[in-house]
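Dear colleague,

Here is the structure that I promised to pass on to you.

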Amino acid sequence: MKYLLFYESADNVVERGAPHLAGHSARLREFHARGDLLLVGPLENPQENGALSVFRTREAAEEFAGGDPFVRHGVVKNWYVRAWDEILTP
């Protein structure tokens, strides 16, 4: 089981996110380095569709979002986690 973290973008996401990008990027690197964050990236047309991250555990996904500068400063208007039962794992 993996856990998908979905971000819904606030209005003017690019402009709103710029001041918090360094902190957000540092958090991404931290969670990836410790093995909790597997994949991350914006979806097509991120203003409308947001972004997606794949985590090893629900706890890691929730911890990430809870302390992410994008969430804390309103760059993300909503986030949620969904369990994903991937079936093509090695």
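This is a predicted model: local features need pLDDT of at least 70, side-chain atom pairs count only at pLDDT 80 or more; totals for chains, interfaces and linings use all residues.

Residues are numbered from 1 along each chain as its sequence is written, and side-chain values use heavy atoms, with hydrogens and water left out.

The protein chain holds 5 helices and 4 strands (DSSP runs, H or I of at least four residues for helices and E of at least two for strands, numbered from the N terminus), and from the N terminus their order is β-α-α-β-α-β-α-α-β. The radius of gyration is 13 Å, close to the 12 Å that the globule rule gives for 90 residues, so the chain is as compact as a globular protein of that length (the radius is taken over C-alpha atoms, and the rule is 2.2 Å times the number of residues to the power 0.38). Along the principal axes, the C-alpha atoms fill a box of roughly 40 × 25 × 15 Å.

Of the 90 residues, 36% count as buried, meaning under 20% relative accessible area with a 1.4 Å probe, protein chains only. His20, in the loop between helix H1 (13-17) and helix H2 (21-33), counts as buried because its relative accessibility is 18%. Leaving aside neighbours within four places in sequence, His20 is in contact with Pro69, Phe70, His73 and Val75, where contact means heavy atoms within 4.5 Å.

Best wishes

Technical notes: Buried means under 20% relative accessible area, exposed over 50%, partly exposed in between (1.4 Å probe, protein chains only).
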